[in-house]
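Work through the exercises below with the model open. Each task is followed by a solution in steps.

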Amino acid sequence: WDAGDRSRALQCFEAGLALLGDDREHIEQAHLYQEMGRLAFRSGDSQRAVEWAEQARLHAERLAADPALDADGRGEAVTAAAQSHNTLGVAFARLNRLEEAVAHIERSVALAGESGLLQAACRGLANLSVLYSTLDPARAIETCTAGLEMAKKIGDLGFQSRLYTNLAVAY
């Protein structure tokens, strides 16, 4: 996936699901569903991205609600939930379902922020700022500024670049 070989990435994701077999309570299932959703989104299939990301979200939220789950497990589940909300948001945006898009990305940012997942929060703020720029430019500027502060804090030059671009669009 990171090397750009989408068909091979999909094969690996499917192999991962097969390796999990009947272990339907494993967090890796949510991560794999989320990555399959992100792959579908990046490949232009927004409807399929929604389907995979929704499966990831439901699975992750179910696991996160399990009182028997330890802190590390809960953190993994919240990470998968935050990422799936973000993917749902960008896919809904492409499907011109902007209210749903904003709601999911706002939820992603909230989950990530509450759990100290700065990279996931930064990703959400970058995506949210794009949506806000068409709906409420002042809010887009605030969101970009918050995202830039976070991106600088974690040293993520890629998100800094995206957020500076989004800030210019909002202005």
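**Exercise 1: the nonpolar cores**

The largest nonpolar core has 42 residues, and those with the most contacts inside it are Ile27, Ile105, Cys122, Leu128, Phe159 and Leu163. This is a predicted model, in which local features need pLDDT of at least 70 and side-chain atom pairs count only at pLDDT 80 or more, while totals for chains, interfaces and linings use all residues. Residues are numbered from 1 along each chain as its sequence is written, and side-chain values use heavy atoms, with hydrogens and water left out.

Task: find which helix gives the most to this core.

Step 1. A nonpolar core is a set of buried Ala, Val, Leu, Ile, Met, Phe, Trp, Tyr and Cys residues joined through side-chain atoms within 4.5 Å; buried means under 20% relative accessible area, exposed over 50%, partly exposed in between (1.4 Å probe, protein chains only).

Step 2. At least two core residues each come from α2 (27-42), α3 (46-64), α4, α5 (98-114), α6 (118-135), α7 (137-154) and α8 (157-170). Helices are DSSP runs (H or I, at least four residues), numbered from the N terminus.

Step 3. The most, 9 residues, is given by α4.

Step 4. A second, separate core has 10 residues, including Ala9, Phe13, Leu39 and Trp52.

**Exercise 2: Leu163**

Task: state which residues Leu163 touches, not counting those up to four places away in sequence.

Step 1. Contact means heavy atoms within 4.5 Å.

Step 2. The residues touched by Leu163 are Cys122, Leu125, Ala126, Ser129, Cys144, Gly147, Leu148 and Ala151.

**Exercise 3: His85**

Task: decide whether His85 is buried or exposed, and find its side-chain polar contact with Glu61.

Step 1. His85 sits in helix α4 (residues 71-94).

Step 2. His85 counts as buried because its relative accessibility is 5%.

Step 3. The side chains of His85 and Glu61 make a polar contact at 3.0 Å. Such a contact is a pair of N or O atoms within 3.5 Å; within protein, one must be able to donate a hydrogen and the other to accept it, and residues adjacent in sequence count only if both atoms are side-chain atoms.

Step 4. Beyond neighbours within four places in sequence, His85 is in contact with Arg57, Glu61, His104, Ile105, Arg107, Ser108 and Leu111.

**Exercise 4: Leu135**

Step 1. Leu135 and Arg38 are 97 residues apart along the chain, and their C-alpha atoms are separated by 24 Å.
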